[in-house]
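Here is a short report on one protein and its ligand. Look at the structure first, then read on.

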Amino acid sequence: MSSNPRNAPFGSILSDTMAIATYRNGAWSAMELRKTGPLEIHPAAHALHYGSTCFEGFKAYRHADGSVHIFRMARHIERMRRSAEALILPEPDPQLLASMVTTLIDRVRADVPEAPGALYLRPLLFGTMANIGAAATPSTEACLVVLASPVWDYFAGGIRPLKILVEEQAQRCAPHLGMVKTGGNYAAAMGPTLAARKAYGIDQVLFCPGGEVQETGASNFLLIRPGHILTRSLDPSFLHGVTRDSLLTLARDLGYRVEERVFSVDEMMDWVHTGEAALSGTAAVLSGVGTLVRNGNEHPVADGHVGPETLKLRAALVAIQQGTAPDSHGWLTRV
Ligand SMILES: *Cc1c(COP(=O)(O)O)cnc(C)c1O
(Lines give C-alpha, C1' and ligand atoms only; values in the text may rest on other atoms or scores of the structure.)
Protein backbone atom coordinates (compact mmCIF):
# COMPACT_ATOMS: atom_id res chain seq x y z
CA MET A 1 0.00 0.00 0.00
CA SER A 2 1.24 3.49 -0.82
CA SER A 3 1.63 6.19 1.80
CA ASN A 4 -0.99 8.81 2.59
CA PRO A 5 -3.84 6.89 0.95
CA ARG A 6 -6.71 8.65 2.75
CA ASN A 7 -7.47 10.99 -0.10
CA ALA A 8 -7.32 8.27 -2.75
CA PRO A 9 -10.47 7.74 -4.83
CA PHE A 10 -12.69 4.82 -3.73
CA GLY A 11 -11.22 1.50 -4.89
CA SER A 12 -7.97 2.87 -6.27
CA ILE A 13 -5.77 1.32 -3.57
CA LEU A 14 -5.48 -2.46 -3.35
CA SER A 15 -4.06 -4.65 -0.63
CA ASP A 16 -0.93 -6.44 -1.83
CA THR A 17 -2.49 -9.91 -1.45
CA MET A 18 -5.44 -11.43 -3.34
CA ALA A 19 -7.20 -14.80 -3.17
CA ILE A 20 -7.72 -16.94 -6.28
CA ALA A 21 -9.36 -20.23 -7.30
CA THR A 22 -10.11 -21.75 -10.70
CA TYR A 23 -12.80 -24.02 -12.11
CA ARG A 24 -12.10 -26.71 -14.69
CA ASN A 25 -13.18 -30.29 -15.43
CA GLY A 26 -16.30 -29.72 -13.35
CA ALA A 27 -14.60 -28.79 -10.07
CA TRP A 28 -13.19 -25.84 -8.15
CA SER A 29 -9.50 -25.88 -7.23
CA ALA A 30 -8.35 -25.15 -3.70
CA MET A 31 -7.92 -21.42 -3.06
CA GLU A 32 -4.54 -19.78 -2.83
CA LEU A 33 -3.26 -16.39 -1.76
CA ARG A 34 -1.08 -14.54 -4.26
CA LYS A 35 0.58 -11.20 -4.61
CA THR A 36 -1.93 -8.80 -6.16
CA GLY A 37 -0.97 -8.35 -9.79
CA PRO A 38 -1.64 -9.30 -13.41
CA LEU A 39 -3.18 -12.67 -14.26
CA GLU A 40 -2.28 -14.54 -17.38
CA ILE A 41 -5.47 -14.71 -19.45
CA HIS A 42 -5.95 -16.20 -22.91
CA PRO A 43 -7.05 -13.57 -25.46
CA ALA A 44 -9.76 -16.03 -26.57
CA ALA A 45 -11.17 -16.15 -23.01
CA HIS A 46 -14.98 -16.23 -22.93
CA ALA A 47 -15.33 -13.22 -20.62
CA LEU A 48 -13.35 -10.94 -22.94
CA HIS A 49 -15.60 -11.66 -25.93
CA TYR A 50 -18.98 -12.60 -24.53
CA GLY A 51 -19.09 -10.77 -21.22
CA SER A 52 -19.34 -13.79 -18.91
CA THR A 53 -18.27 -11.90 -15.80
CA CYS A 54 -19.83 -10.82 -12.52
CA PHE A 55 -18.67 -9.35 -9.24
CA GLU A 56 -19.65 -8.52 -5.67
CA GLY A 57 -18.85 -5.68 -3.30
CA PHE A 58 -19.07 -5.60 0.50
CA LYS A 59 -17.12 -4.36 3.48
CA ALA A 60 -15.30 -5.47 6.62
CA TYR A 61 -15.17 -3.00 9.52
CA ARG A 62 -12.70 -2.54 12.37
CA HIS A 63 -14.48 -2.10 15.69
CA ALA A 64 -13.17 0.05 18.54
CA ASP A 65 -11.65 -3.04 20.25
CA GLY A 66 -9.61 -3.77 17.10
CA SER A 67 -11.69 -6.80 15.98
CA VAL A 68 -12.70 -7.05 12.31
CA HIS A 69 -16.25 -7.91 11.16
CA ILE A 70 -17.67 -8.60 7.67
CA PHE A 71 -21.13 -7.19 6.93
CA ARG A 72 -23.66 -9.72 5.50
CA MET A 73 -21.09 -11.89 3.75
CA ALA A 74 -23.44 -14.87 3.25
CA ARG A 75 -25.98 -12.67 1.48
CA HIS A 76 -23.35 -11.32 -0.92
CA ILE A 77 -22.02 -14.82 -1.63
CA GLU A 78 -25.54 -16.00 -2.40
CA ARG A 79 -26.08 -13.02 -4.73
CA MET A 80 -22.87 -13.87 -6.59
CA ARG A 81 -24.10 -17.44 -7.00
CA ARG A 82 -27.36 -16.11 -8.49
CA SER A 83 -25.36 -13.84 -10.83
CA ALA A 84 -23.27 -16.84 -11.96
CA GLU A 85 -26.42 -18.85 -12.51
CA ALA A 86 -27.94 -16.10 -14.70
CA LEU A 87 -24.76 -15.91 -16.79
CA ILE A 88 -24.36 -19.72 -17.02
CA LEU A 89 -21.01 -19.51 -15.24
CA PRO A 90 -19.86 -22.12 -12.70
CA GLU A 91 -21.41 -21.11 -9.35
CA PRO A 92 -18.77 -20.43 -6.70
CA ASP A 93 -18.92 -22.94 -3.88
CA PRO A 94 -20.16 -20.90 -0.88
CA GLN A 95 -17.65 -22.40 1.57
CA LEU A 96 -14.80 -21.86 -0.87
CA LEU A 97 -15.70 -18.23 -1.44
CA ALA A 98 -16.25 -17.57 2.28
CA SER A 99 -12.84 -19.05 3.06
CA MET A 100 -11.23 -16.95 0.31
CA VAL A 101 -12.71 -13.82 1.90
CA THR A 102 -11.86 -14.64 5.50
CA THR A 103 -8.37 -15.98 4.72
CA LEU A 104 -7.61 -12.88 2.68
CA ILE A 105 -8.88 -10.52 5.38
CA ASP A 106 -6.83 -12.35 7.98
CA ARG A 107 -3.70 -11.95 5.83
CA VAL A 108 -4.24 -8.23 5.17
CA ARG A 109 -5.76 -7.48 8.60
CA ALA A 110 -3.42 -4.52 9.13
CA ASP A 111 -4.97 -2.85 6.06
CA VAL A 112 -8.46 -2.65 7.60
CA PRO A 113 -8.84 1.07 8.38
CA GLU A 114 -10.46 2.41 11.50
CA ALA A 115 -13.98 3.83 11.27
CA PRO A 116 -15.29 5.56 9.22
CA GLY A 117 -13.00 3.62 6.86
CA ALA A 118 -13.46 -0.05 5.97
CA LEU A 119 -11.90 -2.83 3.92
CA TYR A 120 -13.89 -3.19 0.69
CA LEU A 121 -13.97 -6.76 -0.66
CA ARG A 122 -14.41 -7.33 -4.38
CA PRO A 123 -14.99 -10.94 -5.51
CA LEU A 124 -14.78 -11.32 -9.30
CA LEU A 125 -15.83 -14.34 -11.39
CA PHE A 126 -15.17 -14.65 -15.11
CA GLY A 127 -15.28 -17.28 -17.85
CA THR A 128 -11.81 -18.32 -19.03
CA MET A 129 -12.62 -21.00 -21.63
CA ALA A 130 -10.52 -20.18 -24.72
CA ASN A 131 -12.96 -20.41 -27.65
CA ILE A 132 -13.95 -17.50 -29.85
CA GLY A 133 -16.81 -19.51 -31.35
CA ALA A 134 -18.68 -19.71 -28.03
CA ALA A 135 -21.14 -16.83 -28.35
CA ALA A 136 -23.98 -19.21 -27.53
CA THR A 137 -21.99 -21.76 -25.50
CA PRO A 138 -21.27 -21.25 -21.81
CA SER A 139 -17.73 -21.17 -20.45
CA THR A 140 -16.78 -24.48 -18.83
CA GLU A 141 -13.79 -22.86 -17.15
CA ALA A 142 -13.70 -19.90 -14.81
CA CYS A 143 -11.52 -17.88 -12.51
CA LEU A 144 -12.62 -16.55 -9.11
CA VAL A 145 -10.59 -13.77 -7.51
CA VAL A 146 -11.10 -11.75 -4.33
CA LEU A 147 -9.47 -8.33 -4.13
CA ALA A 148 -9.30 -6.17 -1.00
CA SER A 149 -9.25 -2.37 -1.01
CA PRO A 150 -8.99 -0.14 2.04
CA VAL A 151 -11.48 2.72 1.70
CA TRP A 152 -11.87 5.82 3.80
CA ASP A 153 -14.72 8.26 3.96
CA TYR A 154 -16.61 7.98 0.65
CA PHE A 155 -17.57 11.62 0.95
CA ALA A 156 -14.32 13.45 1.48
CA GLY A 157 -15.34 16.90 2.68
CA GLY A 158 -18.50 15.67 4.39
CA ILE A 159 -21.94 14.50 3.35
CA ARG A 160 -23.13 16.54 0.38
CA PRO A 161 -26.54 16.40 -1.32
CA LEU A 162 -26.44 14.72 -4.75
CA LYS A 163 -27.76 16.06 -8.03
CA ILE A 164 -29.56 13.38 -10.04
CA LEU A 165 -30.91 13.33 -13.60
CA VAL A 166 -34.34 11.73 -14.07
CA GLU A 167 -34.03 9.62 -17.25
CA GLU A 168 -37.41 8.49 -18.55
CA GLN A 169 -36.37 6.94 -21.88
CA ALA A 170 -33.06 5.04 -21.72
CA GLN A 171 -32.81 1.83 -19.70
CA ARG A 172 -29.80 1.06 -17.53
CA CYS A 173 -29.42 -2.42 -18.97
CA ALA A 174 -31.37 -5.34 -20.41
CA PRO A 175 -34.40 -5.74 -18.10
CA HIS A 176 -33.82 -9.46 -17.45
CA LEU A 177 -30.25 -8.77 -16.22
CA GLY A 178 -30.87 -5.80 -13.93
CA MET A 179 -30.54 -7.98 -10.82
CA VAL A 180 -27.18 -9.38 -11.98
CA LYS A 181 -23.96 -7.61 -10.99
CA THR A 182 -22.37 -8.11 -14.40
CA GLY A 183 -19.81 -5.92 -16.14
CA GLY A 184 -21.85 -5.21 -19.27
CA ASN A 185 -24.58 -3.47 -17.26
CA TYR A 186 -22.10 -0.80 -16.11
CA ALA A 187 -20.73 -0.38 -19.62
CA ALA A 188 -24.33 0.03 -20.84
CA ALA A 189 -25.09 2.80 -18.31
CA MET A 190 -21.79 4.60 -18.87
CA GLY A 191 -22.75 6.42 -22.10
CA PRO A 192 -26.01 7.94 -20.83
CA THR A 193 -24.39 8.81 -17.49
CA LEU A 194 -21.37 10.59 -19.01
CA ALA A 195 -23.58 12.45 -21.49
CA ALA A 196 -25.85 13.64 -18.66
CA ARG A 197 -22.87 14.66 -16.53
CA LYS A 198 -21.61 16.79 -19.39
CA ALA A 199 -25.00 18.32 -20.18
CA TYR A 200 -26.30 18.92 -16.62
CA GLY A 201 -23.36 18.51 -14.22
CA ILE A 202 -25.24 15.77 -12.37
CA ASP A 203 -23.71 13.10 -10.10
CA GLN A 204 -25.82 10.14 -11.25
CA VAL A 205 -28.68 9.18 -13.55
CA LEU A 206 -31.89 7.78 -12.06
CA PHE A 207 -33.22 5.34 -14.64
CA CYS A 208 -37.01 5.44 -14.93
CA PRO A 209 -37.82 3.59 -18.16
CA GLY A 210 -41.45 4.03 -19.16
CA GLY A 211 -41.88 6.58 -16.36
CA GLU A 212 -41.37 3.98 -13.56
CA VAL A 213 -38.66 4.80 -11.02
CA GLN A 214 -35.96 2.11 -10.91
CA GLU A 215 -32.40 2.85 -9.67
CA THR A 216 -29.17 4.67 -10.60
CA GLY A 217 -26.07 3.18 -12.26
CA ALA A 218 -24.82 1.61 -9.02
CA SER A 219 -27.28 2.42 -6.21
CA ASN A 220 -30.86 1.73 -5.22
CA PHE A 221 -33.30 4.61 -4.72
CA LEU A 222 -35.48 5.34 -1.69
CA LEU A 223 -38.10 8.00 -0.93
CA ILE A 224 -38.20 8.78 2.80
CA ARG A 225 -40.36 10.86 5.13
CA PRO A 226 -40.98 10.63 8.89
CA GLY A 227 -42.24 7.08 9.58
CA HIS A 228 -42.60 6.15 5.91
CA ILE A 229 -40.37 4.74 3.13
CA LEU A 230 -41.33 4.12 -0.49
CA THR A 231 -39.07 2.11 -2.80
CA ARG A 232 -39.54 -0.06 -5.87
CA SER A 233 -40.58 -3.67 -5.19
CA LEU A 234 -38.05 -6.34 -6.17
CA ASP A 235 -38.17 -7.60 -9.77
CA PRO A 236 -35.42 -8.75 -12.18
CA SER A 237 -35.02 -5.27 -13.72
CA PHE A 238 -32.80 -3.82 -10.98
CA LEU A 239 -30.11 -4.83 -8.48
CA HIS A 240 -31.38 -6.22 -5.17
CA GLY A 241 -29.12 -4.26 -2.87
CA VAL A 242 -28.06 -5.70 0.47
CA THR A 243 -27.88 -2.14 1.81
CA ARG A 244 -31.47 -1.57 0.63
CA ASP A 245 -32.60 -4.73 2.42
CA SER A 246 -30.70 -3.78 5.59
CA LEU A 247 -32.12 -0.24 5.66
CA LEU A 248 -35.69 -1.48 5.11
CA THR A 249 -35.22 -4.02 7.93
CA LEU A 250 -33.92 -1.34 10.32
CA ALA A 251 -36.68 1.06 9.27
CA ARG A 252 -39.31 -1.58 10.11
CA ASP A 253 -37.59 -2.11 13.50
CA LEU A 254 -37.86 1.66 14.07
CA GLY A 255 -41.59 1.58 13.29
CA TYR A 256 -41.54 3.00 9.76
CA ARG A 257 -44.16 1.89 7.27
CA VAL A 258 -42.11 0.38 4.43
CA GLU A 259 -43.91 0.42 1.11
CA GLU A 260 -42.35 -1.65 -1.69
CA ARG A 261 -44.17 -1.13 -4.98
CA VAL A 262 -43.84 0.30 -8.47
CA PHE A 263 -44.20 4.10 -8.50
CA SER A 264 -44.05 6.75 -11.19
CA VAL A 265 -41.83 9.75 -11.81
CA ASP A 266 -44.87 12.00 -11.25
CA GLU A 267 -45.44 10.46 -7.82
CA MET A 268 -41.75 10.95 -6.98
CA MET A 269 -41.89 14.62 -8.05
CA ASP A 270 -44.89 15.11 -5.71
CA TRP A 271 -43.11 13.33 -2.86
CA VAL A 272 -39.99 15.52 -3.01
CA HIS A 273 -41.92 18.79 -2.51
CA THR A 274 -41.57 17.97 1.20
CA GLY A 275 -40.15 14.42 1.44
CA GLU A 276 -36.58 13.15 1.15
CA ALA A 277 -34.86 11.01 -1.49
CA ALA A 278 -31.66 8.97 -1.11
CA LEU A 279 -29.38 6.44 -2.84
CA SER A 280 -28.36 3.23 -1.07
CA GLY A 281 -25.40 0.94 -1.67
CA THR A 282 -22.34 -0.55 0.01
CA ALA A 283 -20.03 2.28 -1.03
CA ALA A 284 -22.30 5.22 -0.25
CA VAL A 285 -24.44 3.61 2.52
CA LEU A 286 -27.35 6.08 2.26
CA SER A 287 -26.71 9.35 0.42
CA GLY A 288 -29.19 12.18 0.29
CA VAL A 289 -30.40 13.63 -2.99
CA GLY A 290 -30.62 17.45 -3.02
CA THR A 291 -31.77 18.10 -6.60
CA LEU A 292 -33.64 16.21 -9.32
CA VAL A 293 -33.16 17.37 -12.91
CA ARG A 294 -36.17 16.55 -15.11
CA ASN A 295 -36.59 17.75 -18.70
CA GLY A 296 -33.76 20.21 -18.12
CA ASN A 297 -35.42 21.78 -15.06
CA GLU A 298 -33.95 21.58 -11.56
CA HIS A 299 -36.27 20.56 -8.72
CA PRO A 300 -34.99 20.79 -5.13
CA VAL A 301 -35.69 17.74 -2.95
CA ALA A 302 -37.41 19.22 0.14
CA ASP A 303 -35.08 22.11 1.16
CA GLY A 304 -32.20 20.83 -1.02
CA HIS A 305 -30.11 19.56 1.91
CA VAL A 306 -29.52 16.00 3.09
CA GLY A 307 -32.61 15.38 5.20
CA PRO A 308 -32.88 14.33 8.87
CA GLU A 309 -34.60 11.00 8.12
CA THR A 310 -31.84 10.06 5.68
CA LEU A 311 -29.19 10.89 8.28
CA LYS A 312 -31.05 8.97 10.99
CA LEU A 313 -31.39 5.77 8.94
CA ARG A 314 -27.81 6.04 7.74
CA ALA A 315 -26.58 6.42 11.33
CA ALA A 316 -28.62 3.39 12.46
CA LEU A 317 -26.98 1.17 9.82
CA VAL A 318 -23.46 2.54 10.31
CA ALA A 319 -23.75 1.96 14.09
CA ILE A 320 -24.31 -1.78 13.53
CA GLN A 321 -21.53 -2.01 10.95
CA GLN A 322 -19.08 -0.21 13.22
CA GLY A 323 -20.10 -2.14 16.33
CA THR A 324 -21.54 0.76 18.34
CA ALA A 325 -25.09 -0.71 18.24
CA PRO A 326 -26.06 -4.36 18.88
CA ASP A 327 -26.03 -6.65 15.84
CA SER A 328 -29.54 -7.90 16.55
CA HIS A 329 -30.02 -9.44 13.08
CA GLY A 330 -26.74 -11.40 13.12
CA TRP A 331 -25.32 -9.53 10.12
CA LEU A 332 -21.66 -9.48 11.19
CA THR A 333 -19.08 -12.26 10.78
CA ARG A 334 -16.02 -11.86 12.98
CA VAL A 335 -12.74 -12.63 11.23
C1 LIG B 1 -24.09 -3.00 -6.20
C2 LIG B 1 -25.27 -2.24 -6.70
C3 LIG B 1 -26.25 -1.70 -5.84
C4 LIG B 1 -26.11 -1.73 -4.35
O5 LIG B 1 -26.05 -3.00 -3.82
P6 LIG B 1 -25.53 -3.20 -2.34
O7 LIG B 1 -25.67 -4.67 -2.11
O8 LIG B 1 -26.39 -2.40 -1.45
O9 LIG B 1 -24.12 -2.73 -2.31
C10 LIG B 1 -27.35 -1.10 -6.41
N11 LIG B 1 -27.50 -1.00 -7.74
C12 LIG B 1 -26.57 -1.48 -8.58
C13 LIG B 1 -26.79 -1.33 -10.04
C14 LIG B 1 -25.43 -2.10 -8.09
O15 LIG B 1 -24.50 -2.56 -8.93
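Which residues does Val-101 touch, not counting residues up to four places away in sequence? The model is predicted. In it, Val-101 touches Phe-58, Ile-70, Met-73, Leu-121 and Val-146.

Val-101 belongs to the largest nonpolar core, which has 33 residues. Val-101, Leu-121 and Leu-125 have the most contacts inside this core. Several elements give two or more residues to it, including strand E1 (17-24), strand E5 (58-62), helix H3 (94-107) and strand E7 (118-127). Helix H3 gives the most, with 7 residues. A second, separate core has 23 residues. Among them are Ile-224, Ala-251, Ala-278 and Trp-331. In soluble globular proteins, nonpolar side chains tend to be buried together.

Now turn to the ligand. There are 16 residues around it, and Lys-181, Tyr-186, Glu-215, Thr-243 and Thr-282 come nearest. By class, this shell has 4 nonpolar, 8 polar and 4 charged residues.

| Residue | Part of the residue | Distance to a ligand oxygen atom |
|---|---|---|
| Lys-181 | side chain | 2.7 Å |
| Val-242 | backbone | 2.8 Å |
| Thr-282 | side chain | 2.6 Å |

How much of the ligand does the protein bury? Taken alone, the ligand exposes 380 Å², and the protein buries 96% of that. Helix H2 (73-86) and helix H5 (242-253) are the elements that give two or more residues to the shell around the ligand.

Technical notes. Residues are numbered from 1 along each chain as its sequence is written. This is a predicted model: local features need pLDDT of at least 70, side-chain atom pairs count only at pLDDT 80 or more; totals for chains, interfaces and linings use all residues. Side-chain values use heavy atoms; hydrogens and water are left out. A residue is near a molecule or strand if one of its heavy atoms lies within 4 Å of it. A polar contact is a pair of N or O atoms within 3.5 Å; within protein, one must be able to donate a hydrogen and the other to accept it, and residues adjacent in sequence count only if both atoms are side-chain atoms. Accessible areas come from the Shrake-Rupley method with a 1.4 Å probe; for residues, only the protein chains shown count as cover. Helices (H or I, at least four residues) and strands (E, at least two) are DSSP runs, numbered from the N terminus. Ala, Val, Leu, Ile, Met, Phe, Trp, Tyr, Cys and Pro count as nonpolar, Asp, Glu, Lys and Arg as charged, and the others, Gly among them, as polar. A nonpolar core is a set of buried Ala, Val, Leu, Ile, Met, Phe, Trp, Tyr and Cys residues joined through side-chain atoms within 4.5 Å. Buried means under 20% relative accessible area, exposed over 50%, partly exposed in between (1.4 Å probe, protein chains only). Contact means heavy atoms within 4.5 Å.
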